[in-house]
Amino acid sequence: MPHASVVVFATLVAVMSLVPLGFIGWVTADVGWQTVKALVFRPRVGELLVNTILLEALTIPLSIVLAVTLAWLTERTNVPVPRLWSWLAVAPLAVPAFVHSYAWVSLVPGMRGLQSGVFVSVLAYYPFLYLPVAAALRRLDPAIEDAAASLGLGPWRVFFRAILPQLRLAICGGSLLIGLHLLSEYGLYVMIRFDTFSTAIVDQFQSAYNSPAANMLGGVLVACCLFLLGLEILLRGNERYARVGSGSARPADRRHLGWFVVPGVLLPGTLGVLTLGVPLMTLGRWLYLGGTEIWRLDAVGNAFVQTIVLAVAGGVLTSIAAAPMAWLSVRAPGRFQRLLEACHYYVGSLPGVVVALALVTITVRLALPLYQTFATLIVAYVLLFLPRAMVGLRASIAQAPVELERAAMGLGRTPSQAVRQITMRLAAPGFAASVALSALGITNELTATLMLSPNGVETLATKFWSLTSEIDYVSAAPYAVMMIVLSLPLTLLLYAQSKRTAGQ
């Protein structure tokens, strides 16, 4: 097999990514079927499952309607200042979900239950749908709409029969991202006192380390993730979406809203107030009440430095771990390579609490000296953010011509030297982007950091969470502000990438 060392390294990373699934199977076999039945088939699990189904069934459709409407307004209508509304539609990604919940609970202390969970979840996660839908609308050939209109279809029928089917892939992909985030989110739902599998697992973990009940709940949560992945594959279908024809697609004409321009401006404006205005106003209020005393440089500075160290170390190591598989997927595709690639991607769909629970159980039972160490925490970050690094690296390597590698080998370089000196240098911008994406994801990671961080290690997210758990919202405000500041580059990167994908 060519490039054996690369294949071996990619295989090792793929095997490591299978640890959470292996952990679930191992625990199930270890406790026995009778214990599994007693822990899984009980009323509490049924209650959590109903909560999860209702949360998914309400949040995802509402997010689809909101995201598609906003994307249509900003990309296909003459709404004033569309770039401003487009940026405001993406900006909520700079605010972590648990900070959204913190802001709304501070403003409305009575927010509780399913309705509040759905409301805050839609505000926090709809940009995951808006980004791909808006990008798809930018790339969509308007000749499709012209052909439908020439067949006698009115504007609404053109939209539902010609345009909306072309958005299926974007809608399915964005909905899957939101669904997986809903399964994995912890802080948001704890604050509004809505029970989900993630909150129940962390509660069980805090009450008893290596609890069989927590492990079985983790197994149910993995099953829910796999169900969502299978459902997305089923719904997206195998239809062709590429344009075939001479020439290039012309830019789409923007539709005149007429008197609908007023609601067309009110919708994104109101949404901007709800998603950005409320968190910023709440943080400003707490900062004003706390004064300069809450900006303790020793505590805030220490958390900031530790967050940066973990984020940079985790981002660099995640990108290094993803590099062999990214290179193989471009340069040497095949059945075995596709299997390895699937292992790299699937682990990113698992909630952080499941990955952390697997590493906790393995270190406690097999390698106790590694429990709650820096190394174990970094391994969790690598597993959780491996897909983010893969995406950026694969695109950059694909843009580096393979002929340059062959020319370097023809001049006497070994294959590894050719890859290192030619391809990896050309892919350096993609590597940097992958490091940034992974690092900024690590900055806002909460559950894995809570469960695996060594004693004395406090990130901005964990320090914020410990203070809000004590109802000390004033002291928590500086940490929330610093998280938003660190998340802004990721938001700008995502927005710029979506524009670049559409050639804008």
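**Stop by stop through the aromatic rings**

Start by selecting Phe119: this residue is partly exposed, with a relative accessible area of 34%. Keep in mind as you look that the model is predicted.

Go to Tyr102 and Phe464 for one of them. Their ring centres are 5.0 Å apart and the planes sit at 80 degrees, so this pair is edge-to-face. Colour the helices next: Tyr102 belongs to helix α6 (residues 97-107) and Phe464 to helix α24 (residues 460-469), so the pair ties together parts that are 362 residues apart in sequence. Are these two buried or exposed? Both Tyr102 and Phe464 are buried.

Back to Trp104 and Phe119. They make an aromatic pair too, again edge-to-face, with 5.0 Å from centre to centre and 85 degrees between the planes. Trp104 is in helix α6 and Phe119 in helix α7 (residues 113-125), so you can see the pair linking distant parts of the chain, 15 residues apart.

Next, select Phe98, Tyr102, Trp286, Phe464 and Tyr473 together: ring pairs link them into a cluster. Stay on Trp286 and show Arg285, which lies over the face of that ring, 4.6 Å from the ring centre.

For the last stop, pick Trp26 and Arg365. Here the charged end of Arg365 sits over the Trp26 ring, at 5.2 Å from its centre.

Conventions: Residues numbered from 1 in each chain as written. Predicted model: local features only at pLDDT ≥ 70, side-chain atom pairs only at ≥ 80, totals over all residues. Heavy atoms only, no water. Phe/Tyr/Trp six-rings, centres within 6.5 Å; stacked < 30°, edge-to-face > 60°. Helix = DSSP H or I, 4+ residues; strand = E, 2+ residues; numbered from the N terminus. Buried < 20%, exposed > 50% of the residue type's maximum accessible area, 1.4 Å probe, protein only. Lys NZ or Arg CZ within 6 Å of the ring centre and 35° of its normal.
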